[in-house]
Structures are given as C-alpha cells and as structure tokens.
Amino acid sequence: MIADFDARRAVTLSARGTRPPTAIVESADAERAGSGKLAARVARRIERDIVAAGWPVGQALGSEAELRARYGVSRAVLREAIRLLEHHQVAAMRRGPAGGLVVRAPDAGAATSAMVVYLEFVGSTIEHLLAARLVIEPLAVGLAAERITEAGISTLRAALADEAAAGPGRNVAVRDQLHLTIAELSGNPALRLFVDVLLRLTWRYARETLDDPPPEAGSALAEAHQAHQAMVHAVVSGDAARAEMHAARHLESIRDHVLEHSPDPKGQRPRWTMPAAGHTQDQKLAEVVAQRILSEITGGGWPIGSVIGSEAALLERFEVSRAVLREAVRLLEYHSVARMRRGPGGGLVVAEPDPSASIEAMALYLDYQGIEIDHLRVVREAVELDCVQRVASRVDDAEVAGRLRGLTRPGGAADGVNGVHPGPGGDRQHYRMHLEMAEQAGNPVLALFLRILLTLWARQQNDGPGADPADTTTGLAHDGIVDALLRGDRDLARHRMRRHLDALTRWWQ
C-alpha cells in the first residue's frame, strides 16, 4: 500500500521535475495559531503528498502503523490529523484487514464551509459580498458565453425553466441555482467555487429578511427573473459583452434593493444559521457542535480572549460526550476560531481568526479539479484590478497611504515600468505588495479570494519554469503601481497593474 503510493509519488515528482507543492501564501502567525499544531501540520503534509502523487482516488496510503512510521508521530497525533483529513474530505480511514487511509474524491463542501467560517468570523457584511459578486459573476457570465455548447444551452434553459416554475417560497434558492449553473458553464473551477461561497453567504443574509419581506418583494422577484432571461439569451447567443452587461445590471439592482431595505448594510453581517436538530451522515455530530459554538461566538459578539465556557459547562450545554466535544473543539482550533485553555480559569477561549485553513481547503479542492494557470490568470486580474480601484478611492486615508509608502523601496519609482520584461530568479517577496493592496482595499471577501489565488499561483509555479520575475523588475513594477496610486492617478495604476500581471503570465508560460 504505502510502497505503491511512494513509488507513484516519486514517479509524478520526477516527471514534474520539482518538489511537492506547498501553500506559499499563509498568514504569518499560522504557526502559533491552531492550524500550526502538529496534527494540522501532519495533515497538510499528507494532503500535499496526495496532490503530488496525482490524487490517486481509492488508493490506500498505508495502515495506521505505516503512517505513524512515515510521518514520525504518535498514534494520538496521527488520529487527530486523520480527523482533519476527513473533515476536508481528502481521505478517510477504512478499518479491517484490508484497511488503511484511503484517498477520497473531494467535493466543494469542505472548501466552501471553511471560507464561510472565516468570512463570517471576520465580519464580512452584505455590502462586501455584493461588491465581490459584482467582480466575480459578470466575469463568469462572459466566459460562459464564450464557451457555450449545445449541451450547455440545454442545461441553462432547463435551469431557467425550473426557476419560472418554482413557487414563491423556492424562488431565492432556484435563482441561486441559475447563477451556479452559469458559473459551472464558465469552465473555470475558481469562479465556480467563489460564486458558490458568495451565494451561500448572501443566502444567509437573505434568510433574515425573508420572514418579513417588503411589499414590493413580488415585483423584485419578477424583475430578477427577467434579468435572468436576458442573461441566458446573451449567453446562448455567445454575446459575452452583452451577457456581462446584463449580469452587472442585475447585481447592481440587487445591491440597490439591499441598500434601500437594510437599516445598516455596511454593518449587516450574514447570520450563522443553526443546523437542524440531529445530523446527517455527511455532517458528523462534532461538526454540528462546532457550528453551534461558532453561532454563539458570532451571534453573541464574543470578543477575542473571552471564555465561552469550561469543558464541563460545554458538555452540559450541548449534551454530548467528552470525545465529541473535544473533536468539535479541534475543528474550531483548526479554523482558529477558538482554543481550549487548560488550568484554573481556563475554558474555550475565542481566538483571533486566521485564513490558513480556508486557503488550504480551497487550494486542495481546486488542485483536485485540475485548475490551470489560465483559470487563475483571468480571476486574479479581475480581483486585483478591482482592488487597485478601491485602494485609489481610499488613498486620502493617512493609514492607507502610509501602508502603501511602506511597500516602496528607497529610491524606487516608476521609471522603466512600462518596459519591464520578466527574467529568471525572484523570490516570494513578490506577493507582499499584492496582498497588502487587497487588505487596503477594505473588502475581506476579495482579500481572501486573492490569498487563495496567489497560493494556487505559487503551486502552479512548481510545475512551471520557476519563480516569478526577478526581484529587481518586480520591485520596479510594484513601485510604479504604488507611485501612481499615491499621486491619485487610478487609471495609470490600473494600467501598470494590468501590464505587470501580463508580464507575470508571459514569464510563467
């Protein structure tokens, strides 16, 4: 079992001529956060080995004893790592004589749930979500129009027909399905998954208003269906520009409707919806408990450092066994939502959130989906250009301007930026400017999306020609972008960012 896996992994790496992929873009404090625990590190090592071996679904990686020897850990650490692998739906332990840790084919559930956990915890608002949708969804619609087939046309028309036939109580969910169908037809795994996350979060917000809809809700649903019809007609005819226009207008209409009827859209956060009583085979009891605790944290406004309760108090509150509660706590620790503090005055403590678990879960799923550099390029360009636009509108803020100035090198300016041509060499400092730009854009949703895209970009480099362009040329490009922003020239800043990203893509190819 494990020998076969090692042999297959070695062949794959030899063919690629590189080391196993790693998650490059992670939070600086990941090691001291819950995701930096030994079990989480072991889980990440196993996940990366699976990716490097070509994701051999159905193959056993080895027995528990073999895996302990391979990764040099105790039984307790390995079993905790396996629980995380099962949570990510990457692998599952099969018991019995022919058992072992078996590679699974993942679905989007683990990746999207990890992102939803993080984005809810950091306070993403409905305005953030709708702004991100305006960046992502028109792009997906345009790509769907460019690559639509007759089979895709049938699928899209069927989704539109389902929406027309749905009753009022199902309209929101069915409308979401049409958006997902279009994202699927874009052929871009990253877009499909980002749209899924955005719709899930938007739906969580919408649930709060559906119980008491405004009088004009019926007409709004009719207008939404008309907008969907226009989008579908444009996609089917292959008119990408018209499809994008209809998608943007539709999303702007949704945004305007929300701004009109929400008392505080800038501060309105999607509510963590409580799971139904009991649990399904796909959602273990520990995951249900973890969700309920997360609901208390987000809904109750617990500040970082607050003690939610001792282990004994939590056992009594949730009426579960100690084993179930401890597994739930491990999941919360893995997502850096909370940590268990031992000793007098201890208990489950609210922790500072960290996106590493979300990034890793998303990167794993997209690795399995066979995401390519061209998929990443189109989404990365859309997100980064939007971030530049947002930073330009905030550059009068002294803190934002100060952070931008901190990105420039002494004497760095825009000279020669337009003539930059990437060469060999370079290092991972390249990502610092891009991540800081996303943070200063003020939208945590887009910032997380960019972290995921850059992590996958770095992984793709392991299969490509090597590192990004040399630090000197990259630094010049970064200096030029920042210089244009500080001078208030947003058009020039967008131009330079676009040329910089084009140069990175040409170098990779």
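# Close-up views of a predicted model

View 1. Residues are numbered from 1 along each chain as its sequence is written, and side-chain values use heavy atoms, with hydrogens and water left out.

**View 2. The protein as a whole.** Before zooming in again, here is the overall setting. The secondary structure comes to 21 helices and five strands; helices (H or I, at least four residues) and strands (E, at least two) are DSSP runs, numbered from the N terminus. Of the 509 residues, 54% are buried. Buried means under 20% relative accessible area, exposed means over 50%, and partly exposed lies in between (1.4 Å probe, protein chains only). Among contacts (heavy atoms within 4.5 Å) between residues at least 6 apart in sequence, 78% join residues at least 24 apart.

View 3. The structure holds two aromatic pairs. One of them is formed by F194 and F449, which are stacked with 3.9 Å centre to centre and 0° between the planes. F194 belongs to helix α9 (residues 189-210) and F449 to helix α19 (residues 444-461), so the pair ties together parts that are 255 residues apart in sequence. Both F194 and F449 are buried. For the terms: rings of Phe, Tyr and Trp (its six-membered ring) pair if their centres lie within 6.5 Å, and planes under 30 degrees apart count as stacked, over 60 as edge-to-face and the rest as tilted.

View 4. Three strands form an open sheet in the order β3-β5-β4, with antiparallel pairing. The edge strands, β3 (307-309) and β4 (338-341), each pair on one side only. Neighbouring strands of this sheet are turned by 35° against each other on average, direction ignored. Two bridges join β3 to the antiparallel strand β5 (residues 347-350); strands pair if DSSP finds at least two bridges between them. In β5, V349 is the bridge partner of V307. Helix α13 (residues 311-318) packs on the sheet, where α13 touches β3, β4 and β5 and its direction makes about 50° with that of β3. Helix α14 (residues 322-334) also packs on the sheet, touching β4 and β5, and its direction makes about 125° with that of β4. Axes are lines fitted to C-alpha atoms, for helices over the stretch in contact, and angles run from 0 to 180 degrees between N-to-C directions.

**View 5. A hairpin with two faces.** Strand β1 (residues 91-94) and strand β2 (residues 100-103) pair in the antiparallel sense over four bridges. The two strands form a hairpin with five residues between them, and G96 in the turn has a positive phi of about 105°. A92 stands opposite V102 in β2. On β1, A91 and M93 make up the covered face, and A92 and R94 the uncovered one. In a regular strand the side chains alternate between the two faces of the sheet.

**View 6. Salt bridges.** A search of the whole structure finds 19 salt bridges, each a side-chain nitrogen of Lys or Arg within 4 Å of a carboxyl oxygen of Asp or Glu. One of them joins E381 and R498 (3.2 Å, N to O). This pair links distant parts of the chain, with E381 in helix α16 (residues 373-394) and R498 in helix α21 (residues 490-508), 117 residues apart. E381 counts as buried at 19% relative accessibility, whereas R498 is partly exposed at 34%. Salt bridges that share partners also join E184, R192, D196 and R200 into one network. Elsewhere, R242 meets D239 in a salt bridge (3.2 Å, N to O); R242 is partly exposed with a relative accessible area of 31%, and D239 is partly exposed at 30%.

View 7. A503 is placed in helix α21 and is buried, with a relative accessible area of 4%. A503 and A477 are 26 residues apart in sequence and 9.9 Å apart in space, C-alpha to C-alpha.

Methods. Predicted model: local features only at pLDDT ≥ 70, side-chain atom pairs only at ≥ 80, totals over all residues.
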